[in-house]
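Hello,

Here is the structure I promised to pass on. Please open it alongside this email; my notes follow.

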Amino acid sequence: MTVAGPVRQDLISVVAIQRADDNTGSVTADGSISGTMSYTDTSVVLTAKVTLNGAPVTEATMKDPTGHQPFALDWTPPAGTGTWDIYAFWMQATGQAPTPSATTNVTINYIDPAGMQDFIDYYRNHVFSDPELKKAIIENGRGEMYMDSLEISTSNSNGGEFWGSTLMSEFQKRRGYSLEPYLPYVIRIGSRARDTTFPIIGADQVKVNKIRNDFFETITQMCTDNVLKPLRAYLHDEMNMKLRAEISYGVNYEITTPAQAVDYVETESLEYGNQLDAHRSLAGAAHTQGLRYSSETGAISGENYTWPQDRFMQIMNTQFASGISHTVFHGYSSISGADSSNPSNPWDGTYWPGHEGMYARFSERWGPRQPESTQYTDYMPMIARTQAVLQQGKPQMDLAVLRTDYAYNNGGPNVDNMRHGKAAYFKDLELQDNGYTYDYFAPEILEGRSVRYTKTDGLIPENVGYQAVVIYQDSIRLKSAQAVYELARQGLPVVIVNGLVETLGSTKNHLNAMAAVHTLGNEGTDAELARVMARMERLPNVKLVNADVPQSATNPDPGAADYEKTYYYGKTGVYDALQKLGVRPRAEYAAPNQTILTAMRKTKDTVYLWAYNYMEKRGDYKNAPIDAKAATTSISVDAVGKPYRVNTWSSHVEPLAVYKISGGRTSFDVTLAPGETTVIAIDLKNKTAAPLRSTTAVQGVVTAGGVAILATDSGSYNARLADGSTVTKKISVPADVNLTNSRWNLVLNSWTPGHKETLTEGRKGYTTKEVYYTTKKSDINVGTTPLVPWKDMTFTAQDPASVSGVGTYSTTFRLPSTWNASNGAYLNVGSTGGALAQVWVNGQKIPYDFIAGRIDVSSALKPGTNTLQIEVSSSLRNQMRTLGYPNLPNANTVAGAVASYGLQGDVSLETYAIAVVEQPAHPHKAGR
């Protein structure tokens, strides 16, 4: 990107404003403001008094093509009125142009219609101008144009706003009053929306905030109407393509409402620090509009080639828990690129293992340059199956938490909030810990005439079906409040809560002392809003609660580690209010827990529940240790049907043997290892009661021979059948097999730089040259080895601390001659260093869940001698450290130290035996 010095500038307005007596700030002639300027709210528009060469300015002469026209102003403040400051407002181009570019390619302003029209013309004439290419795209029908986050700035250190030539007139038309007298109040400091600060305050700061909100709402609407909608129409009408966009963050646009103008909503893990609470707003945007919610996944600043896949699996699962259902991996790039222009610098141009593409500082480099790519064959199908589940039907979110945000904080927190009991916006995690799922979105979305509520299917039933609405922000537009009131009259449960603090930035917290006490904009309708809210509060399905929490945005500090746990948990009154309104989570936990999150989808005949233990062995998102442990909880789902467990690694589907149908709900237990996920599918067409009510064995299972119980230790076990009778079985279980100290043989396939290759291509008289480096893959026969990290081994073929690649471990074990079809075993693996692995038993490949570290290998076992092979991959961190790659984290950090690759810890076969307790018979019908 290059920035040329702007030449033309258009005079927009000149405004004089009276200083307050207690003002402590200062402003210089060039517009630099120090401190905070305080004003009385008395202003005078002086634009008409400006002259050019002695003549009053006109609309035409206010456009200064040189930037040096001798504009003049002669004005004297009224006598005795103190000090006035005069602000002149100019519109300039930013002068930004992407380089290199085949033709002139400028940055548009995301406000005016002319900017998007130029963009469309550019694509028509330069990008999609080839008839053959255009025909192929249209016939394919699956093309998407992707808009990344709005990383643009005003290029003005003295403050400024994104502007457009039609903005002033559009503001007047859309808001019903002129912005001109209030222009000083919208002077903003900060390049990104999240960094927004205002150096000017007024006597009536509530009114000033309303004016700013009106300004931001206007530019949001202009971007939606003039940029996104025309672009989507062009793609639909001319290219048979869809528009996928990170819709608004980065600029002061409302974070959720522009979703109405795109086909797919996208977020990203980098900007949001992979936090559940941060993803909830764009989830609300996508869910309310019925759109796919995707993520630009896995970008991590300064950690390229650093991490194995447990890092990225954590990112994906956190996103899935928020409602994201489509992963777009960040950082794949061509292995070839431009040659070095500085041969003395080994890290110039393209080097091994391949072209960087996204600069060296942004991870990751997916594809065959990575050793773990050798094991994508199980990994990618698992992700695809998970996404297929999470794209079925429509999401089933419990609550709509209404919040408008024009400066959305897309900067990740300094700690992993979600794994340390913290949240940015709605801070009472009692709701989450009891199973409630919720989205954030602006109440303006509810203003449409088509928005419906039904008691059976919820709010916006065609897309999501929220069960209730929560209102806590102090400002709401009158039309939005009226819309919520009308929905409440139809029976929509509403909880209004006073006194909540929300965190808007790393150091910005706001106390909403009273909910919905002001109109969001300068509408002059606060009194009418109060009447609407009073009528709403009188409805029997509306609860007003006063939170028993600190009524300060600064004391105690909301950033403190224990703030939410100490001051908010269970103290807002929202959980109790929902329970009194009869609003239960659709997936309700039998007891509160801080380890499991769920996401639910529903089709006409199936409910899909995805569950995730988010307290992971690898630590939190910032790589700090956490209390990771297996978790068991009973989940009650608001649906009646027969539940099945879906294994997304193997695609195996098995019916649950133990569950309960009662009160219109289906309940079952879920046990998850740290980081593990599972899917339960409930068949709504089959309302058969569970074949087992309970068992003292480890679990009940359904087999071809009938319902059975599974035991991992020998003994007598009871099973209570569906008809209430009890069966007792004495079960003999073969001894477990400890493989930790078995004779393991290891062959390491070490990946190191190969030789340089040159690619030359000629086209239309031009010749281009690119280079790439091959990868040398050398076997190191380690021989017999204990299960310790590669770095701690003692082979001499290569420094063990430098090895990256793939390790193949093999051993044998014996099972007793009495082993039979009623026996089975789980393979438990202590660790693969967080990396992908593949397992073969007696030559049969069994998909391996590298997060859970546990798989059932029964189908491949036999009496006598069995063979076991485990293939473990790695990242390239250790080899890149040895080569001196300059973009790795410091060696004294978790991310930069020599990584512990390979098969480690305890490995064992945990045996079990199955005993049938009831032969197949007629199914039992569920009670109600």
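This is a predicted model: local features need pLDDT of at least 70, side-chain atom pairs count only at pLDDT 80 or more; totals for chains, interfaces and linings use all residues.

**Arg311 and its surroundings**

Leaving out residues up to four places away in sequence, Arg311 touches Ile300, Glu303, Arg618, Tyr621 and Asn623. Its place is in helix α6, residues 309-322. Arg311 is buried: its relative accessible area is 3%, and the cut-off for buried is under 20%.

The average pLDDT for the protein is 94. At least 70 is reached by 98% of the residues. Residues 922-928 need care, as the pLDDT there is below 50. In the model, that stretch has 17 contacts beyond near neighbours in sequence.

**The nonpolar cores**

The largest nonpolar core has 97 residues. Which of them touch the most other members? They are Leu179, Phe215, Leu282, Leu431 and Leu578. Helix α4, residues 205-239, gives this core its largest share, with 13 residues. There is also a second, separate core of 69 residues. Trp610, Ile626, Leu748 and Val841 are among its members.

Back to Leu179. Setting aside neighbours within four places in sequence, Leu179 is in contact with Trp163, Leu167, Met168, Phe171, Val186, Ile211 and Phe215.

**Helices α3 and α4**

Helix α3 covers residues 167-175. The axes of α3 and α4 come within 10 Å. They cross at roughly 105°. Angles of 65 to 115 degrees count as roughly perpendicular, and α3 and α4 are therefore roughly perpendicular to each other.

Which residues make the contact? From α3 come Leu167, Glu170, Phe171, Arg174 and Arg175. From α4 come Asp214, Phe215, Glu217, Thr218, Ile219, Gln221, Met222 and Asp225. By type, this contact has five nonpolar residues, two polar and six charged.

Two names from the core section return here. Phe215 is one of the core residues that touch the most other members, and Phe215 is also part of the α4 side of this contact.

Met37 is buried, with a relative accessible area of 0%. Not counting residues up to four places away in sequence, Met37 touches Arg19, Asn23, Gly25, Ser26, Val27, Asp85, Tyr87, Pro199, Ile200 and Ile201. Met37 and Ala20 are 17 residues apart along the chain. Their C-alpha atoms are separated by 8.5 Å.

*Tyr122.* Look for this one in helix α1, residues 113-127. Is Tyr122 buried or exposed? Tyr122 is buried, at a relative accessible area of 18%; the limit is under 20%. Leaving aside neighbours within four places in sequence, Tyr122 is in contact with Ser101, Thr103, Thr104, Asn105 and Val127. Thr104 is 18 residues from Tyr122 in sequence. In space, the two are 9.4 Å apart, C-alpha to C-alpha.

*Ala442.* This residue sits in the loop between β20 (438-441) and β21 (453-454). Ala442 counts as buried, at 0% relative accessibility. Apart from neighbours within four places in sequence, Ala442 is in contact with Glu254, Thr256, Thr257, Arg403 and Thr404. Ala442 and Ala48 are 394 residues apart in sequence. C-alpha to C-alpha, they are 39 Å apart in space.

**Backbone points to check**

Where are the cis peptide bonds I noted?

- Trp352 to Pro353: the bond is cis, with omega near 10°. Pro353 is in the loop between β17 (326-329) and α7 (376-390).
- Ser363 to Glu364: this bond is cis too, with omega about -5°. Glu364 lies in the loop between β17 and α7.

Next, positive phi values in residues other than glycine.

- Asn53: phi is near 55°. Asn53 is in the loop between β6 (50-52) and β7 (55-56). Asn53 is exposed, with a relative accessible area of 65%.
- Ser651: phi is near 70°. Ser651 lies in the loop between β32 (642-646) and β33 (653-655). Ser651 is partly exposed, with a relative accessible area of 41%.

Best wishes

Methods
Residues are numbered from 1 along each chain as its sequence is written. Side-chain values use heavy atoms; hydrogens and water are left out. A nonpolar core is a set of buried Ala, Val, Leu, Ile, Met, Phe, Trp, Tyr and Cys residues joined through side-chain atoms within 4.5 Å. Buried means under 20% relative accessible area, exposed over 50%, partly exposed in between (1.4 Å probe, protein chains only). Helices (H or I, at least four residues) and strands (E, at least two) are DSSP runs, numbered from the N terminus. Contact means heavy atoms within 4.5 Å. Axes are lines fitted to C-alpha atoms, for helices over the stretch in contact, and angles run from 0 to 180 degrees between N-to-C directions. Angles under 35 degrees count as roughly parallel, over 145 as roughly antiparallel, 65 to 115 as roughly perpendicular and the rest as oblique. Ala, Val, Leu, Ile, Met, Phe, Trp, Tyr, Cys and Pro count as nonpolar, Asp, Glu, Lys and Arg as charged, and the others, Gly among them, as polar. pLDDT is the predictor's confidence in each residue, from 0 to 100.
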